Amino acid sequence: MKIRDCSFADIQHFASRAAKERVSITDTRDTRWHAAYDEAGNIVGCGAVMFTRQTARLKAYFIEPSMRGSGLGSALVQKGIDTALDNPAINTIEVFSVNPKFFLAKGFTRLKDIRDGVTHLIKRA
């Protein structure tokens, strides 16, 4: 499995499948995308980091169902964290997630519950 930077166009085909699981894959300004590729070169997961002043937001993480539980999600999120930390202006990394336990285990702190099971979490850089 290889994880590398990609363009939004590379992962756009995930949008309809991800939407069924409450993951919105939309492109925005100042966003860096990354994807996981299997041995055949197929994209099996993706995620992004959106930069706004001193904050980086992890967004649009989606893993092919057949790849869940393989550690791929953790690897993609770590790529996002590393990408955020590469920017010296960033002092906070945030995420809005329906799976707060996953991010709490990665050192994030629960900021507040939003609605419909979505939680806002942050990690200080």
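**View 1. The largest pocket holds about 820 Å³ of space.** Of its 29 lining residues, Val23, Tyr61, Ser97, Val98 and Phe103 are the closest to the centre. Here a pocket is an open set of points on a 1 Å grid over the protein atoms alone, where a 1.4 Å probe fits and protein lies on both sides within 12 Å along at least five of seven lines; lining residues have an atom within 4 Å of a point. The volume is the space filled by probe spheres set on those points, joined across faces, edges and corners. This is a predicted model: local features need pLDDT of at least 70 and side-chain atom pairs 80 or more, while totals for chains, interfaces and linings use all residues. Residues are numbered from 1 along each chain, and side-chain values use heavy atoms, without hydrogens or water.

**View 2. Aspartate 5 and lysine 79 meet in a salt bridge (3.4 Å, N to O).** Aspartate 5 sits in strand E1 (residues 2–6) and lysine 79 in helix H3, so their pairing ties together parts 74 residues apart in sequence. Strands (E, at least two residues) and helices (H or I, at least four) are DSSP runs numbered from the N terminus. A salt bridge puts a side-chain nitrogen of Lys or Arg within 4 Å of a carboxyl oxygen of Asp or Glu. Look for Arg32 too: Asp5, Arg32 and Lys79 form a salt-bridge network.

**View 3. Arginine 57 and glutamate 94 pair through a salt bridge (2.7 Å, N to O).** Arginine 57 belongs to strand E4 and glutamate 94 to strand E5, so this pair links parts 37 residues apart in sequence.
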